[in-house]
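Open your viewer and load the model. This tour tells you what to select at each stop.

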Amino acid sequence: MSRVLVVEDEAHLAQGLRFNLQEEGYSAEVVGDGEEATDRLLAKKERFDVIVLDIMLPGKNGFQVVSELRAARNYVPVLMLTARGRPEDVLKGFASGADDYLAKPFELSILLARLQGLLRRSEWMRGAQASGKGGTEAQGDASSVGDFGTFSFAGKTIDFGALELRSEDSTIHLTLMESELLRHLVRNDGRIVSRKQILEQVWGLHEDTDTRAIDNFVVRLRRYIEDDPGQPRHLLTVRGVGYRFLANPEGQ
């Protein structure tokens, strides 16, 4: 039975979620603020399979909670609840390390589907790590990158299933959205990808928003994949348009 922690200060919504999750066969518990959530997850090290996390909480907000979890190397899947699905909240949530988002008000069936998707992905990741396999291996061949494959270039390997970027001397754990952005860029190896395309095709945002927020993700990815982030060779900016990924700069 999967354990769900609901972090929500609106009592009627929190109790309704707990009741419905239990009816669906989950073990669900509720806390009403960010401090109690981090206490149970980090101080007491309680194990949950997925977190439903509201952004607007008294005291420590949802962004702070997920940031603290990731800083402590706790990678439990987090579904973030956002007020009216504001794009700036969604992007900030992804930057903090959230795995998915859902705008209030929402249909219960949609929330359940999102939770099942996160749980299913976690199971696949654990299976891949236990077997030591990351799926299809693509050596500089972007067309071979499947949903849970790996892609190798310039002495580095992106394992999309394990959410890891590995090199000879280090392993970096990626958030789900960092992994999805890298996957999209890799699949378009050599082609220009616009910021608008990233918003719509990677993060599912169709509202007008400040696309410069994507630049923060790119800066972070450059620190992961570039030998000299200040002089990038693989992840290039196309001024006024977006970005272009080059697995083999010399061959372009």
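Among contacts in the protein chain with a separation of 6 or more, 55% join residues 24 or more positions apart. Keep in mind that this is a predicted model.

**Stop 1: the whole chain**

Show the cartoon. The protein chain has eight helices and 13 strands. The accessible surface of the protein chain comes to about 12100 Å². Carbon and sulfur atoms hold 46% of that surface. How many of the 252 residues count as buried? The share is 48%.

**Stop 2: D54**

Select D54. Which strand holds D54? D54 is found in strand β3, which covers residues 50–54. An unreviewed UniProt entry places the feature "modified residue: 4-aspartylphosphate" at D54. Is D54 buried or exposed? D54 has a relative accessible area of 3%, so it is buried. Buried here means under 20%.

Leave aside the neighbours within four places in sequence. D54 is then in contact with V7, E8, D9, G62, L81 and K104.

**Stop 3: V66**

Move on to V66. V66 lies in helix α3, residues 62–71. The relative accessible area of V66 is 0%, so V66 is buried. Which residues does V66 contact, beyond its neighbours within four places in sequence? They are L53, V78, M80, S96, G97 and A98.

Now draw a distance from V66 to G34, C-alpha to C-alpha. The two are 32 residues apart in sequence and 9.4 Å apart in space.

**Stop 4: helix α6**

Select residues 176–187. This is helix α6, with 12 residues. From its first C-alpha to its last, α6 reaches 16 Å. That is close to the 16 Å expected at 1.5 Å a residue.

Colour α6 by burial. The helix is mostly covered, with 10 of its 12 residues buried. L176, M177, E178, S179 and L181 are among the buried residues of α6. L182, R183, H184, L185 and V186 are buried in α6 too.

**Stop 5: aromatic rings**

Show the side chains of the aromatic residues. How many aromatic pairs are there? The count comes to six.

Start with F151 and F245. Their ring centres are 6.3 Å apart and their planes stand at 65°, so the pair is edge-to-face. F151 lies in strand β7 (residues 150–153) and F245 in strand β13 (residues 242–245). The pair therefore ties together parts that are 94 residues apart in sequence. F151 and F245 are both buried.

F153 lies in strand β7 and F245 in strand β13, so the pair ties together parts that are 92 residues apart in sequence. F153 is buried, and F245 is buried.

Now select F94, Y101, W203 and F217. Ring pairs link these four into a cluster.

**Stop 6: charges over rings**

The charged end of R220 sits over the ring of F217, 5.4 Å from its centre.

Finish with R3 and F48. What sits over the ring of F48? The charged end of R3 does, 4.1 Å from the ring centre.

Conventions. Residues are numbered from 1 along each chain as its sequence is written. This is a predicted model: local features need pLDDT of at least 70, side-chain atom pairs count only at pLDDT 80 or more; totals for chains, interfaces and linings use all residues. Side-chain values use heavy atoms; hydrogens and water are left out. UniProt positions are given in the numbering used here, feature names are shortened, and annotations may be inferred rather than shown by experiment. Helices (H or I, at least four residues) and strands (E, at least two) are DSSP runs, numbered from the N terminus. Buried means under 20% relative accessible area, exposed over 50%, partly exposed in between (1.4 Å probe, protein chains only). Contact means heavy atoms within 4.5 Å. Rings of Phe, Tyr and Trp (its six-membered ring) pair if their centres lie within 6.5 Å; planes under 30 degrees apart count as stacked, over 60 as edge-to-face and the rest as tilted. A charge sits over a ring if NZ of Lys or CZ of Arg is within 6 Å of the ring centre and within 35 degrees of the ring normal. Accessible areas come from the Shrake-Rupley method with a 1.4 Å probe; for residues, only the protein chains shown count as cover. The expected span of a helix is 1.5 Å times one less than its number of residues.
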